[in-house]
Amino acid sequence: MPAFEGSSNPEIGSALVDYLTNSPLLDGFSEQGLQSLFDSYSDELKPRIDGLMAKLSEVRGERLQKLTQIEALVGKGDEERGRALYFGKAICSTCHTILDEGGTLGPDLTSVQKDRSIHDIVESIIYPGVSLARDYETYQVKTATETHIGILKEQTPDAVVLETGPQTSVRIARNEIVEISNSETSMMPQGLDQLLSEDEKADLIAFLLGRDLVY
Ligand code: HEC
């Protein structure tokens with residue numbers, strides 16, 4: 001994206017509008033951020049940029065509506081059924097620990113209901129990547145021969161350890177690293193909610209939010 005910024009070539013601007021209009025990443029822009037990309041372009045592009053802004057607000061509206069729908073399921077589910085989903089069909093436990101059980105690729109969710117609002121929790125599940133949990137950002141590490149993508153779990157003076165999947169990690173010697181960059185994409189898969197029916201979503205949420213009744 002930065003490559004486009006500061007250009008004033010209308011053809012590039014127009015290509016950028018096309019690209020963003022159809023991009024799943026459009027969602028992640030703020031209105032201001034999007035507008036600022038086009039600061040340097042001439043007024044000629046304005047109608048197209050207005051169209052893009054309208055698309056942004058449409059996409060935002062849809063997202064908000066979906067989140068509101070799912071938030072409305074709070075209090076309607078069954079915690080025990082939710083537990084079975086969490087450790088089973090919904091595969092959350094492959095990456096997340098709750099009460100000492102589960103994987104470590106993602107953050108421990110035992111007290112997520114105390115640390116995060118319901119809105120944020122639901123958003124993290126439905127739209128991973130809108131904001132990444134601290135210390136669980138995705139990194140891309142390049143060596144002369146390979147590119148690894150994962151979460152930085154350990155840094156020593158001579159190596160870094162990247163967790164590249166629920167059961168996989170790789171230790172890379174610092175002297176082999178050509179480049180480390182931050183990626184905005186979450187290691188959490190998109191669309192997990194689509195594996196679940198409305199009732200099942202309600203159950204899973206009940207389980208995620210319910211554990212402060214136990215503790
Ligand atoms: C393949 C691994 C993986 C799976 C499967 C997975 N997650 Fe995640 N999840 C992550 C990672 C990595 C993060 C941290 C990056 C981010 O915030 O997107 C995360 C973040 C989260 C957060 C935000 C936590 C915080 O402290 O902000 C929640 C909530 C969450 N996941 C819930 C779930 C639920 C519920 C499921 C099952 C439906 C699930 N995850 C399945 C990897 C996974």
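A salt bridge is a side-chain nitrogen of Lys or Arg within 4 Å of a carboxyl oxygen of Asp or Glu. The structure considered here is a predicted model, in which local features need pLDDT of at least 70 and side-chain atom pairs count only at pLDDT 80 or more, while totals for chains, interfaces and linings use all residues. Residues are numbered from 1 along each chain as its sequence is written, and side-chain values use heavy atoms, with hydrogens and water left out.

By the salt-bridge rule, the count comes to 10. One of them joins the side chains of K89 and E200, with 2.9 Å from N to O. K89 lies in the loop between helix 4 (79-87) and helix 5 (112-115), and E200 lies in helix 7 (residues 198-210), so this pair ties together parts that are 111 residues apart in sequence. Helices here are DSSP runs (H or I, at least four residues; strands are E, at least two), numbered from the N terminus. K89 is partly exposed, with a relative accessible area of 44%; the term covers values between buried (under 20%) and exposed (over 50%), for a 1.4 Å probe and protein chains only.

A second example is the salt bridge between D18 and R48, at 2.7 Å from N to O. This pair also links distant parts of the chain, since D18 is in helix 1 (residues 10-21) and R48 is in helix 3 (residues 46-71), 30 residues apart. D18 is partly exposed at 37% relative accessible area, and R48 is partly exposed at 33%.

The salt bridge between K46 and D50 has its closest N and O atoms 3.1 Å apart. Both residues lie in helix 3, four residues apart, which is about one turn of the helix. K46 is partly exposed at 47% relative accessibility, and D50 is partly exposed at 39%.

Attention now turns to the ligand. It is surrounded by 25 residues, the closest being C92, C95, H96, S186 and M188; a residue counts as near if one of its heavy atoms lies within 4 Å. By class, this shell has 18 nonpolar, six polar and one charged residues. Ala, Val, Leu, Ile, Met, Phe, Trp, Tyr, Cys and Pro count as nonpolar, Asp, Glu, Lys and Arg as charged, and the others, Gly among them, as polar.

Individual atoms can also be located. A polar side-chain atom of H96 lies 2.8 Å from a nitrogen atom of the ligand. An N or O atom in the side chain of S186 is 2.6 Å from a ligand oxygen atom, whereas for A133 a backbone N or O atom lies 2.7 Å from an oxygen atom of the ligand. The elements that give two or more residues to the shell are helix 6 (118-126) and helix 7.

Technical notes
A polar contact is a pair of N or O atoms within 3.5 Å; within protein, one must be able to donate a hydrogen and the other to accept it, and residues adjacent in sequence count only if both atoms are side-chain atoms.
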